[in-house]
Amino acid sequence: MALHVPKAPGFAQMLKDGATHLSGLEEAVYRNITACKQFSDTVKTAYGPNGMNKIVINHIDKIFITNDAATIVKELDIEHPAAKIIVFASEMQEQEVGDGTNFVIIFAGALLEQAEHLLKMGLTPVEVCEGFQLALEKTLELLPTLTCHEIKDIKNNAEQLVITQAVKSSIMSKQYGQEQFVTDLVLKACTSILPEKTTFNVDNVRVCKILGSNLYNSTVVNGMVFKRTNEGDITKQTDAKIAVYTCPIDITTTETKGTVLIKSAEELQNFSRGEEMVLEEQIKAIADAGVTVIVAGGKFGDMALHYLNKYKIMGVRLMSKFDLRRLCKSISATALPRLTPPNKEELGYADCVYVDELGDTSLVVFRLDGKDSRMSTIVVRGATDNYMDDIERAIDDGVNTFKGISRDGKLLPGAGAIEMELAYQVGLYADTLPGLEQYGAKRFAVALEGFVKILADNTGVKSNETLAELYSQHSKGNKNAGFNIEPKGSSLIDVTKSGIVDSYLSKFWGLQYATQAACTILKVDQIIMAKRAGGPKAPGGRAPDNDDDA
């Protein structure tokens with residue numbers, strides 16, 4: 001008979017074999033803080049225009065070379081529960097603002113690092129969190145008073161310089177050196193589709209990446225560009241009337257199975273001729289409705305292509321239903337589920353639909369020259385896929401900044417100026433607090449200073465000296481003094497004159513998400529992990545995955 005080994009008394013006695021239980025400051029809190037600090041240190045070197053790139057290889061062996069924190073976080077499968085809370089905060093920032101994910105991760109890590117010092121001094125996590133919350137409230141109260149510009153009307157030409165500066169500052173952190181060219185592309189794409197009444201939609205600016213040439217041959221097309229070729233012989237239609245179908249363009253098959261009894265060769269000829277006649281009648285009816293381009297989500301049959309060529313109709317096949325929806329939105333068409341002639345309301349319109357070739361890639365372009373274009377496509381050229389992916393991420397940040405300005409036009413001084421001013425003001429405010437919260441508030445200010453240190457370290461400048469110079473400027477009331485990343489001249493600049501500005505929304509939400517994440521982690525005093533479900537992992541490492549080809 002097997003001996004029954006009793007479990008140790010206490011909490012572990014209640015859990016199944018294989019469960020893990022950690023509690024107390026040493027086991028839970030400090031461990032969580034260490035994990036989050038290490039995670040924050042990983043993306044710290046990628047912050048700012050001089051940030052370093054990371055090579056990330058994800059679970060299906062796809063390689064990413066980027067300094068974009070959102071991509072790094074997305075592709076790293078982080079398992080630590082505390083670090084995951086910071087990941088969730090950065091993902092919320094990505095959804096809310098579309099930029100500033102690195103800000104959230106670094107600031108949450110800095111707050112936890114400062115909290116560790118306070119906990120070792122003898123403060124409780126609750127007192128530290130209260131200090132952080134008071135400092136956050138003061139920071140959010142100060143933010144609107146520190147704005148350097150406010151854009152009232154995004155369509156006003158007088159405001160274009162400030163909008164350009166805001167978008168350029170956002171793109172500069174990803175593509176330092178090419179920021180002016182990428183900014184021009186983004187602004188051209190965004191302003192061409194600005195709606196009159198509704199809000200600006202980020203999804204209306206598409207990116208089409210074509211291998212070859214270099215970045216400076218990238219262009220903006222009003223309309224849609226697809227990496228496809230046409231069906232049939234017609235390669236260009238001007239003033240095109242477009243019918244969009246979700247079904248295949250072919251002889252229709254019956255929905256139910258049927259048996260046809262044919263007794264003679266004549267009947268067989270009549271049967272096949274009847275199918276052809278039906279298809280010809282359908283395509284002739286579509287041509288009579290004025291259609292010059294047919295876009296379909298299914299395949300084009302050989303017989304259908306013959307009739308399309310006969311009636312001088314251009315055929316385009318789009319494999320993705322999402323592309324079909326976007327095209328319908330762009331050309332104001334309605335997708336039809338059956339091969340029926342469209343009425344006037346269901347027809348789409350484009351100034352020109354043509355087949356083009358860039359490098360060795362065939363393209364179908366739906367171009368809308370008028371002001372009624374609802375979509376614009378940035379055609380990005382580059383030598384490698386990784387490089388073009390990085391440009392796409394920079395464009396995405398620029399478009400999101402443009403959207404943020406259209407929602408809230410307030411802009412803050414960039415280049416670390418706003419963080420230093422907030423650190424200085426919060427430091428003064430902390431001295432007025434009577435209780436133990438003042439220590440938490442003071443450490444909040446120290447965490448804010450960290451951004452200037454990171455910018456200086458990544459640029460290769462002595463960070464302590466830079467910090468001291470900036471502090472002296474801000475204590476004299478120079479709110480717009482920021483860090484100069486250029487190698488020539490002084491290490492300090494007036495950011496409003498240099499045109500380096502930050503989005504108000506990015507900082508407003510970033511500060512809140514980072515502080516909430518840090519406080520959530522600090523208030524955890526026990527970690528209980530159940531035994532993992534499932535049997536042993538399959539041998540041979542990773543399973544093959546075809547998602548990469550999509």
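Visitor: Which residues do ring pairs link into a cluster?

Guide: Ring pairs link Phe103, Phe107, Phe132, Phe444 and Phe451 into a cluster. This is a predicted model, in which local features need pLDDT of at least 70 and side-chain atom pairs count only at pLDDT 80 or more, while totals for chains, interfaces and linings use all residues. Residues are numbered from 1 along each chain as its sequence is written, and side-chain values use heavy atoms, with hydrogens and water left out.

Visitor: How is a pair of aromatic rings described?

Guide: The distance of the centres and the angle of the planes describe such a pair. Rings of Phe, Tyr and Trp (its six-membered ring) pair if their centres lie within 6.5 Å, and planes under 30 degrees apart count as stacked, over 60 as edge-to-face and the rest as tilted. By this rule the count is 10 aromatic pairs. Phe107 and Phe444 form an edge-to-face pair, 5.3 Å centre to centre with 90 degrees between the planes. Phe107 belongs to helix H4 (residues 101-121) and Phe444 to helix H13 (residues 437-459), 337 residues apart; helices are DSSP runs (H or I, at least four residues), numbered from the N terminus.

Visitor: Is Phe107 buried or exposed?

Guide: Buried means under 20% relative accessible area, exposed over 50%, and partly exposed in between (1.4 Å probe, protein chains only). Phe107, with a relative accessible area of 0%, is buried, and Phe444 is likewise buried at 0%.

Visitor: Which residue lies over the face of Phe103?

Guide: A charge sits over a ring if NZ of Lys or CZ of Arg is within 6 Å of the ring centre and within 35 degrees of the ring normal. Over the face of Phe103 lies Lys507, at 4.6 Å from the ring centre.

How values were computed. Helices (H or I, at least four residues) and strands (E, at least two) are DSSP runs, numbered from the N terminus.
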